[in-house]
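Dear colleague,

Please find the structure below, together with the sequence.

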Amino acid sequence: MNLELALRMCEAAVRQAAREGALISVAVVDAGGDLVAFQRMDDARITGSVLAPGKAYTALAHRMPTADLAPLVLPGGELYGLAGDRYVCFGGGVPLGGAGDVYGAGRASRVVGAVGVSGGTVAQDIACAEAAAALWESA
C-alpha cells in the first residue's frame with residue numbers, strides 16, 4: 001500500500017458514488033490499520049470521518065468484508081457485542097488481499113490493507129468500496 005495507490009482508490013470510490021447518487025467518505029488503511037488516505041465528498045454526512053476508517057479497520061482486523069460481519073454481531077451471533085470503538089460491523093468495508101490471495105470461507109488468507117466507505121445506503125457503500133478494491137486488484 002502506498003499513498004499514490006490509496007488516493008487512486010479513494011477517487012475510484014468517489015466516482016462510483018457519483019454514479020450511485022451518493023455522498024460518501026472513503027478511507028484506505030495499510031496492513032497495520034493506519035490511515036493512508038481519506039476523502040470526503042462535499043456535503044457528505046459528518047459521521048463518515050469516523051465510520052469509513054472504522055469499516056476499513058474492521059475489514060482488515062477480521063480479514064473479511066464488513067457486510068459479512070453484520071449478521072455475526074446480532075444478538076445470538078457468535079460475535080455479539082463486538083461492535084464499538086473502532087469496529088463498524090455493517091457493509092462498506094472490504095479487505096485488500098495480497099497478490100494471488102483468495103477468499104476462503106469469506107476470509108482473505110493474507111490482508112495488506114482495507115478500504116472503508118460510509119455515507120450512502122449500505123448497498124451504495126459496498127459498491128463504492130468494491131470499486132476501490134477492484135483498482136487494488138488490478139494494480
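The expected span of a helix is 1.5 Å times one less than its number of residues. By that rule α2, with 15 residues, reaches 21 Å from its first C-alpha to its last, close to the 21 Å expected. Please note that this is a predicted model.

The sheet

Four strands form an open sheet in the order β2-β1-β6-β3, with antiparallel pairing. The edges are held by β2 (35-40) and β3, each with a single partner strand, so one side of each is left without a neighbour in the sheet. From one strand to the next, the twist averages 15°.

The pairings may be taken in turn. Strand β1 (residues 25-30) is joined to β6 by six bridges, and the two run antiparallel. Within this pair, Ser25 has Ser118 in β6 as its bridge partner, and Ala27 lies opposite Gly116 in β6. On the side of β2, β1 pairs in the antiparallel sense over five bridges, with Val29 opposite Leu35 in β2. The hairpin of β1 and β2 has four residues between the strands, and there Gly33 takes a positive phi near 85°. Burial in β1 extends to five of its six residues.

Helix α2

Eleven residues of α2 are buried, out of 15. Among them are Ala52, Pro53, Lys55, Tyr57, Leu60 and His62. Arg63 follows α2 and has a positive phi, near 55°.

Helix α4 (residues 122-138) has 17 residues and reaches 24 Å from its first C-alpha to its last, close to the 24 Å expected at 1.5 Å a residue. Its buried residues are Gln124, Asp125, Ala127, Cys128, Ala129, Ala131, Ala132, Ala133 and Trp136. What covers these buried residues includes α1 (3-20), α2 (48-62), β3 (93-97) and β6 (111-118).

How do α1 and α4 cross? Their axes come within 8 Å and cross at roughly 145°, and the crossing is right-handed. On the α1 side, the residues in contact are Leu5, Arg8, Met9, Ala12, Ala13, Gln16, Ala17 and Glu20. They meet Gln124, Ala127, Cys128, Ala131, Ala132, Leu135 and Trp136 in α4. By class, this contact of α1 with α4 has 11 nonpolar, two polar and two charged residues.

In short, the sheet has the strand order β2-β1-β6-β3, and α1 and α4 make a right-handed crossing.

With kind regards

Note on methods. Residues numbered from 1 in each chain as written. Predicted model: local features only at pLDDT ≥ 70, side-chain atom pairs only at ≥ 80, totals over all residues. Heavy atoms only, no water. Buried < 20%, exposed > 50% of the residue type's maximum accessible area, 1.4 Å probe, protein only. Contact = heavy atoms within 4.5 Å. Axes fitted to C-alpha atoms, helices over the stretch in contact; angles between N-to-C directions. Left-handed = near helix turned anticlockwise from the far one by under 90°. Nonpolar A, V, L, I, M, F, W, Y, C, P; charged D, E, K, R; others polar. Pairing = 2+ DSSP bridges.
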